[in-house]
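Welcome! Take a look at the structure, then read on.

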Amino acid sequence: MDDSYHNNVNQQVTESGEYTYTQDGGGHDSYPYQTDYPPQDEDAASDATEGADDNDQMYEGEYQGIPHPDEIKEARRAARMEARRKARQAAQQVDEEDNLPEQYEAIMEDCGHGRFQWMLFFVLGLALMADGVDGFVVGFVLPSAEKDMCISNADKGLLGLLVYVAMMVGALIWGGLCDKMGRRKCLIYVLTIDLVFSFLSCFAQSYGFFLFFRFCSGFGIGGSIPIVYTYFTEFLQMDKRGEHLSWLCMFWMLGGLYASFTAWGIIPHYGWGFSIGSEFQMHSWRLFIFVCLFPALAALIGVIFMPESPRFLLESARHDEAWMILRQVHDTNWKAKGEPERVFTATNIKTPQTQEDEFIEIQSDTGTAFQRWTVRHMTMLQQVMANIMSLSAPELRLQGLFLVIVWFCLAFSYHGLGVWFPDMIKYMQYEEYESKVRVFHRERVERFHFNFSLVNQIHREGEYIHDKFANIEIKSVKFEDSLFENCYFEDIKSTNTFFENCTLKNTVFYNTDLWKEKFKECRMENTTFLHPKKGCHLNFQEENDIVIYIVSFLGSLAVLPGNIISALFMDKIGRIRIIGGSMLASSACTFLLLLSFSQGAVICWQCIFYGVSVAAWNGLEVISVELYPSSKRGTAFGILNGVCKFAAIIASFIFAAFIGITKIIPIFLAFAALVCGGLVALKLPETREKILL
C-alpha cells in the first residue's frame with residue numbers, strides 16, 4: 001500500500017468529519033473512531049511515524065501472541081462505548097417506566113368513563129356479592145346443620161375457624177398470583193373453585209365432607225376481594241377511582257341482604273326438603289346453600305366475556321393485547337355516547353422491560369409433562385414470593401406497616417362485634433327462655449299416654465311406670481335422677497333433651513332420635529333401641545328463630561347510607577379523613593353499647609355501628625389499591641385482606657368467650673382498636689390525586 005493511497009484515505013476521512021487512527025510503522029489497518037477533539041491537519045504526524053515505510057515495518061510481538069497496543073486501546077474504546085450505550089438504554093428504560101403511569105392515565109382519560117366501566121362494574125360487583133354471601137352462609141346454616149348432622153360444639157367452632165383460615169390463605173395466594181397470571185384468569189379460577197365446592201357441600205351427608213367442601217370453597221372465594229378491586233381500579237381514571245370503588249363496595253352489602261333474605265325465606269321451611277331412605281337427606285338449609293350459588297355463577301359468566309386488565313398486560317410486556325383492549329374500551333364508551341367517529345389516538349404505548357417474568361421451563365423433548373408443569377409452577381411460586389419480599393422495600397415499608405395496623409384494628413372490632421351482636425341477642429333470648437322453665441319434682445306418672453309436646457321443662461326424681469310417649473316433640477327437657485320402667489317411646493323428635501343419672505328398665509325406643517349419647521351416666525336394664533333415626537331431626541319451624549335473620553338483614557341494610565355518603569365524599573374530602581373520621585365515630589358507637597340492656601337496644605346500636613364503620617372500609621380499600629405499583633398491587637392487597645381474616649379469627653374467639661360473662665371487656669377491646677386504628681390512619685399518605693404507579 002503506497003503513501004499516495006494512504007494520504008487519499010486520510011483526506012477523505014477528514015472531510016467527512018471522522019478521524020483515523022494510523023498504526024505505527026505503516027497503514028496496514030485503520031480504526032475509525034470519533035472523539036470530542038477538534039479536527040487536526042492531515043500532515044500533523046508524530047515523529048515516530050514520519051518517513052516510515054508501511055511495507056517494511058512489522059510488529060515484533062505478532063508471532064508471540066501478544067496483543068498489539070492499538071488493539072488493546074481499541075478494545076477499551078469499544079468497552080467504553082458499550083457501557084455508554086447500556087447507560088443510555090437504562091436511562092431510557094427508567095424514563096419509560098416513569099412515564100408509563102402518566103401515559104396510561106392520559107389514555108384512560110381519552111377512553112372516558114362510560115358503558116364499558118359500568119358493564120365491568122356490575123360483573124365484578126356480582127363477584128364481590130358472592131364473597132358477601134359466603135360470609136353469611138356458615139352462620140345461617142349452622143343452627144340447622146349442627147342438629148341435622150349432630151355436630152358438637154367443638155366441631156361447630158372448627159367449621160367457622162377453618163372457613164376463615166381458608167379465606168385468609170386464599171387471599172394471600174390469589175392476590176399474589178393475579179400479579180403474575182392476570183386479574184381476569186385468576187378471578188375465573190376463584191369463582192369456579194367456589195362454585196364447584198359450594199355445590200358439592202349441598203349434598204354432603206357427613207360432617208367431614210361438609211367441612212372439607214366448605215374449606216375449599218372458602219379458599220376460592222377468599223381471593224375474590226383482592227382481585228376485584230385490583231381489576232376494576234386499572235380501568236378507572238384518577239378522578240373516578242374513589243367514587244366508583246366506593247359504589248362497588250355496596251355489592252358486599254347486597255350479598256348480606258341476599259343471604260339474609262333467602263335464609264329467612266328458605267331455612268324455616270323444613271318441608272321443602274326431601275330424603276332418599278335414611279342415608280341421603282336434602283333439607284331446606286341445603287337448598288339455601290344452593291340458592292347462594294347464583295351470584296357467583298352470574299359473576300363467572302360475566303367475567304368470561306370481560307377482557308384482561310390492559311395495565312397488567314403492559315407490565316407483562318404484552319403491548320399489542322393491551323392496545324387492542326384499550327381501543328375496545330375507547331370505542332365502546334364513545335359509541336354509547338353517540339360519538340362513534342372518535343378515533344383512538346394512542347399509537348405507541350411504552351412498556352417497562354420486565355426480564356424477571358420469563359419462565360424457566362423444561363423443553364418438551366427433555367422432560368415429561370408433569371416435570372414441565374412442576375417447573376413452571378415452582379417458578380411462578382418463586383416469583384410470587386419475590387414479589388412479596390419486595391414489599392419490604394424502604395419506600396413501601398412504613399406505609400405498609402400503617403396499613404396493616406389499620407386493617408387489623410378495623411377488622412378486629414368489626415368482625416368481633418359482628419360475632420358479639422347475634423350471640424348477645426341469642427343469650428338474651430336464652431335468659432328469657434330459662435326464666436320461664438317449669439320444674440317438676442318427684443312426680444309419679446303411671447299408665448299415662450303423653451300425646452302432647454314437652455317444652456322447656458326439668459323433671460327431677462320422677463317415676464314413670466307403664467307410660468307411652470308417642471308422636472311428640474321433646475324440646476329443652478332434662479330428666480334428672482328419674483326412673484322409667486316398662487315405658488315405650490315412638491316417633492320422638494328431640495331438641496336439647498337429655499337424661500342424666502336415670503334408671504331405665506324394660507323400656508323400648510322405636511323410631512326416635514334419642515340415641516345412647518343423650519343418656520348421661522344412666523343405668524339401662526333390658527332397654528332396646530329399634531330403628532333409630534339418622535340425625536337429630538329437629539322441627540325447623542319451631543327451632544330456628546327468624547329474629548337472627550331479621551337482625552342480619554337490618555345490619556346489612558344499615559350499611560346503605562354510609563356507603564352512599566362515603567361514595568359521594570370520597571374524592572371531595574379525601575380518603576384519610578374518611579377512614580380516620582369513620583373509625584373514631586365508630587368507637588363512640590361501641591362505647592354507647594354499654595347502655596344497651598335489651599334486644600332492641602342491641603339491634604339499634606348494631607345498625608348504627610355498621611352504618612358508620614362502612615365508610616372506613618370503603619376508604620381503606622380505595623387507598624390500599626392506590627398506594628402500590630401495578631406489579632405488586634394484587635399481592636399487597638391480598639396480604640392486607642389476609643390480615644383482615646386473621647384479625648377476624650382472633651376476634652371471633654375473644655368476643656365469643658365473654659358472652660354471658662361480661663360485655664365490658666369486648667366493648668373496651670373494640671373501642672381501643674378503633675381509636676388506635678383511626679389515629680394511625682391519619683398518618684397514611686393521601687392518594688386522592690395520585691396517578692396509579
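Cysteine 604 is partly exposed, its relative accessible area being 41%. Keep in mind that this is a predicted model. How many disulfides does the structure hold? The count is zero.

Is cysteine 186 buried or exposed? With a relative accessible area of 0%, cysteine 186 is buried.

## The nonpolar cores

The largest nonpolar core has 136 residues. Among the residues with the most contacts inside this core are Leu187, Tyr229, Phe288 and Trp420. Which helix gives the most to this core? That is helix 3, spanning residues 115–148, which supplies 17 residues. Apart from this core lies another one, of 20 residues, including Phe469, Ile474, Cys487 and Ile492. As a general background, nonpolar side chains in soluble globular proteins tend to be buried together.

Tryptophan 420 deserves a visit of its own. Setting aside neighbours within four places in sequence, tryptophan 420 is in contact with Leu593, Phe655, Ile659, Lys663, Pro666 and Ile667.

Find helix 12, which covers residues 319–336, and you will find valine 329 in it. This valine 329 has a relative accessibility of 1%, so it counts as buried. What does valine 329 touch, beyond its neighbours within four places in sequence? Its contacts there are Cys111, Phe116, Gln117 and Phe235.

Valine 329 also shows how the chain brings separate stretches together in space. Valine 329 and aspartate 110 are 219 residues apart in sequence, yet their C-alpha atoms are 9.9 Å apart.

Asparagine 456 is buried, with a relative accessible area of 7%.

Glutamate 461 is found in the loop between strand 8 and strand 9 (463–465). Phi of glutamate 461 is near 55° too, again positive in a residue other than glycine. At 34% relative accessibility, however, glutamate 461 counts as partly exposed.

Notes: Residues numbered from 1 in each chain as written. Predicted model: local features only at pLDDT ≥ 70, side-chain atom pairs only at ≥ 80, totals over all residues. Heavy atoms only, no water. Core = buried A, V, L, I, M, F, W, Y, C linked by side-chain atoms within 4.5 Å. Buried < 20%, exposed > 50% of the residue type's maximum accessible area, 1.4 Å probe, protein only. Helix = DSSP H or I, 4+ residues; strand = E, 2+ residues; numbered from the N terminus. Contact = heavy atoms within 4.5 Å. Disulfide = S-S within 2.5 Å.
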